[in-house]
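This report describes a few sites in a structure for a reader new to it. Please look over the sequence and the model first.

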Amino acid sequence: MTLNSKNRAEEPVDVEALDPTMQQALGDFKSCVRAWSDAAYNRPRAARKAAVRKSWQLAAGWSLAALLIAGTASGGFYEHHQRAMAAQIAAEHAAEKQRQAALERAQKEAREEEEMLASVDTAVSREVPAAMEPLAQLSEDAQSR
Amino acid sequence: MAACTALNAMTIARAEEETAQEFASIVQSHRPQIFRFLLASTRDVDLAETLTQDCFLKAHRNWASFRGESSAMTWLMRIAINLQKDHWRNRRIQFWRQTRANAVDLDEASDWLPSCESSQEQRLLARERVEHVWRAVEGLSERQRTVFLLRYVEELELAEIAKTTGLSEGTIKAHLSRALARVRTELGGRR
């Protein structure tokens, strides 16, 4: 026989056969349950009120949930819209900048080309005699003589 | 012939009225006890009220099938125990439907003591003892708790408990013994 089964067999089930501590504890417990039950049984019933409160709470809960969902959705939509706007503005800015840069580059290229043409023109005019220059020299020599 | 039919109708009506009165008196006399058992089992006043109502509704529907083989109290208690079992089973399955448990805590349950204790110290000691018993009861299995409450709160005889629960007296004794050992441990461990 194990210790547990021995204890079980030794534990009497009649209150009178139990030791005073157990009797007292079980008696107090019985009194407690009975007092609580009597008080709860005789309390004024408020079933209707409770039902109303519960339905009100349910409605409030659903409304709050709907508000939260709507808030989250609209917040998300607003955020998305803002981001789209910002992206569009940034794209426009970038395109404008690019256009400006292209214009400046074209202007610079045109200026450089012009300058180069001018310098070439100058250089050529210095090194290559004019077509009528020998004749002019001849006429100058004749006059001096 | 017509007179005979009318007499029969009157007899049936009177029998129905008698049955209704009989059931009403059963409700009046046993409702507090059923409620008390369910309250001690669940520690939830609202749930105990609901289950008590369900119990008498079920009893009313099946009143015609009650043959009086056992006492009305035994019959009603059996219905109450089954309803309580169903409730816990459903709650276990559908736990997500219950947002919070309404059962009062052990501390609150231990507050209910009749004010017959002579001194404040005695009241405190009694409260402590009751709290230990509640703690022990909370740790019992469903069947042990049922048997314990029927024996030490409702003060039913072993034979009545056997009829109510459908268990043998030997099994009931074993459950009670284990429950008492648990109470003793609770009381001893915190003294």
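## Basis

The model is predicted: local features need pLDDT of at least 70, side-chain atom pairs count only at pLDDT 80 or more, and totals for chains, interfaces and linings use all residues. Residues are numbered from 1 along each chain as its sequence is written, chains are lettered from A and ligands numbered from 1 in the order in which they are written, and side-chain values use heavy atoms, without hydrogens and water.

## A surface site in chain A

A:Val120 belongs to helix H3 (residues 47-127) of chain A; helices are DSSP runs of H or I with at least four residues, numbered from the N terminus. Its relative accessibility is 43%, so A:Val120 counts as partly exposed (buried is under 20%, exposed over 50%, partly exposed in between, with a 1.4 Å probe and protein chains only).

## B:Ser41

Helix H1 (residues 2-42) of chain B contains B:Ser41. This residue is buried because its relative accessible area is 8%.

B:Arg145 is 104 residues away along the chain, yet the C-alpha atoms of B:Ser41 and B:Arg145 are 7.3 Å apart.

## B:Glu186

B:Glu186 sits in helix H8 (residues 169-189) of chain B. With 14% relative accessibility, B:Glu186 counts as buried. Not counting residues up to four places away in sequence, B:Glu186 touches B:His132, B:Arg135 and B:Ala136.

Technical notes: Helices (H or I, at least four residues) and strands (E, at least two) are DSSP runs, numbered from the N terminus. Contact means heavy atoms within 4.5 Å.
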